[in-house]
Amino acid sequence: IKIITITGMTDIADYFIIASAKSAAQCKAAFEHLEATMEKNDMFAIRKEGVTEGRWIAVDYGEVIVHIFHQETREIYGLDTLWNNGANVQAYVEE
């Protein structure tokens, strides 16, 4: 999981969170977990895309957009590198 700060680079959001899974079913399960967790904290998606296919799920929470990719799709699009300026990317480490 990578957290990419895009503040000042674009008006669409301040952060991208990018995660990947090994199958469409895992992508969908990650999305369902994300959505349930966010809703428990009274945060609701403005828009959701790709849930049916499960290859690239994008969930817009306003300032934060979460991208959940099938690993192969993540490698094809290279979103990690598109917004990477060398100082704005950090890996999520669960404590």
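Trainee: Which element gives the most to the lining of the largest pocket?

Mentor: Helix H1 does, with 5 residues. Before we go on: this is a predicted model, where local features need pLDDT of at least 70, side-chain atom pairs count only at pLDDT 80 or more, and totals for chains, interfaces and linings use all residues. Residues are numbered from 1 along each chain as its sequence is written, and side-chain values use heavy atoms, with hydrogens and water left out.

Trainee: What counts as a helix or strand here?

Mentor: They are DSSP runs, numbered from the N terminus: helices are H or I with at least four residues, strands are E with at least two.

Trainee: OK, what volume does the largest pocket have?

Mentor: About 560 Å³. Ile 1, Ile 17, His 33, Leu 34 and Val 66 are the closest to its centre, out of 18 lining residues. A pocket is an open set of points on a 1 Å grid over the protein atoms alone, where a 1.4 Å probe fits, with protein on both sides within 12 Å along at least five of seven lines; lining residues have an atom within 4 Å of a point. The volume is the space filled by probe spheres set on the points, which are joined across faces, edges and corners.

Trainee: Back to H1. Which of its residues are buried?

Mentor: Cys 27, Phe 31, Leu 34, Glu 35 and Met 38. Seen down the helix axis, the buried residues fall within an arc of 95°, so they line one face of H1. That arc is taken from the directions from the axis to the C-beta atoms. Buried means under 20% relative accessible area, exposed over 50%, partly exposed in between, with a 1.4 Å probe and protein chains only.

Trainee: And what is exposed on the other side of H1?

Mentor: Ala 25, Glu 32, His 33 and Lys 40.

Trainee: Switching topic: where is His 70?

Mentor: In strand E5. His 70 is buried, at 9% relative accessible area. Its contacts include Cys 27, Gly 54 and Arg 55.

Trainee: Last one. What follows H1?

Mentor: Asp 42, with a positive phi near 55°.

Terms used. Contact = heavy atoms within 4.5 Å. Lists of a residue's contacts leave out its neighbours within four places in sequence.
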